[in-house]
Amino acid sequence: MKTLIYILALAFTIQLSAQDPIMQKDSEALESVATSITKKYDDQLGLDGKQFTLFQKKVEEFLIREEKLHEAYTGKEKLDMIYNLRKAETMEMRNILTQPQFDLYRRIKPQIQPIAITETEVDDNSMEDDDNK
């Protein structure tokens, strides 16, 4: 009887650890976007095979989270949430990349993965341009 309980407990534990709630909503479109983004980084960072896979999965995970933010928030609040999400993504990449790769990653990330600006910021910037003329 103890053996049966241990087997069931082990099977249940393995099943729970195999499920990543973020990755359960896996989308082929987001996976291809993550691959594309990872290839852009790979061109400059020189990721090895294991790093490439880990990097791609991490990018995909954060794309899924970002998609949820786009659905749930608007305006400046959405921009702030995306900014915080991108900061978290950057910090998690530290576990995948070497220090020189991470330093370069932080420098090139704004060009490869820019954060959008809100419409009010565009209006404010165009008004400032008008004032400077």
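Reader: Why is Lys39 called partly exposed?

Author: Lys39 has 49% relative accessibility. Buried means under 20% relative accessible area, exposed means over 50%, and partly exposed is in between (1.4 Å probe, protein chains only). The value for Lys39 falls in between, so Lys39 counts as partly exposed. One note on where such values come from: this is a predicted model, in which local features need pLDDT of at least 70 and side-chain atom pairs count only at pLDDT 80 or more, while totals for chains, interfaces and linings use all residues. Residues are numbered from 1 along each chain as its sequence is written, and side-chain values use heavy atoms, with hydrogens and water left out.

Reader: Where does Lys39 lie, and how far is its C-alpha atom from that of Gln56?

Author: Lys39 is part of helix α2 (residues 28-45). Its C-alpha atom is separated by 8.8 Å from that of Gln56, which is 17 residues apart from Lys39 along the chain. Gln56 itself belongs to helix α3 (residues 49-72).

Reader: Is Gln56 buried or exposed, and how do you know?

Author: Gln56 has a relative accessible area of 14%. That is under 20%, so Gln56 is buried.

Reader: Which residues does Gln56 touch?

Author: Leaving out residues up to four places away in sequence, Gln56 touches Glu31, Ala34, Thr35 and Thr38. A contact here means heavy atoms within 4.5 Å.

Reader: What makes a stretch of the chain a helix or a strand?

Author: Helices (H or I, at least four residues) and strands (E, at least two) are DSSP runs, numbered from the N terminus. By that rule the protein has six helices and zero strands, so the order from the N terminus reads α-α-α-α-α-α.

Reader: How far are Thr90 and Met91 from Phe102?

Author: From C-alpha to C-alpha, Thr90 and Phe102 are separated by 8.7 Å, and Met91 and Phe102 are 9.4 Å apart. Thr90 also touches Phe102, along with Tyr105, Arg106 and Lys109, not counting residues up to four places away in sequence.

Reader: What makes Tyr41, Phe55, Phe102 and Tyr105 a cluster?

Author: Ring pairs link these residues. Rings of Phe, Tyr and Trp (its six-membered ring) pair if their centres lie within 6.5 Å. By this rule the count comes to four aromatic pairs.

Reader: How do you know that the charged end of Arg65 sits over the ring of Phe62?

Author: The charged end of Arg65 is 4.8 Å from the centre of the Phe62 ring. A charge sits over a ring if NZ of Lys or CZ of Arg is within 6 Å of the ring centre and within 35 degrees of the ring normal. The distance of 4.8 Å is within 6 Å, and Arg65 is listed as sitting over the ring, so the definition applies.

Reader: How many residues lining the largest pocket are nonpolar, polar and charged?

Author: The lining divides into five nonpolar, two polar and four charged residues. Ala, Val, Leu, Ile, Met, Phe, Trp, Tyr, Cys and Pro count as nonpolar, Asp, Glu, Lys and Arg as charged, and the others, Gly among them, as polar.

Notes. Rings of Phe, Tyr and Trp (its six-membered ring) pair if their centres lie within 6.5 Å; planes under 30 degrees apart count as stacked, over 60 as edge-to-face and the rest as tilted.
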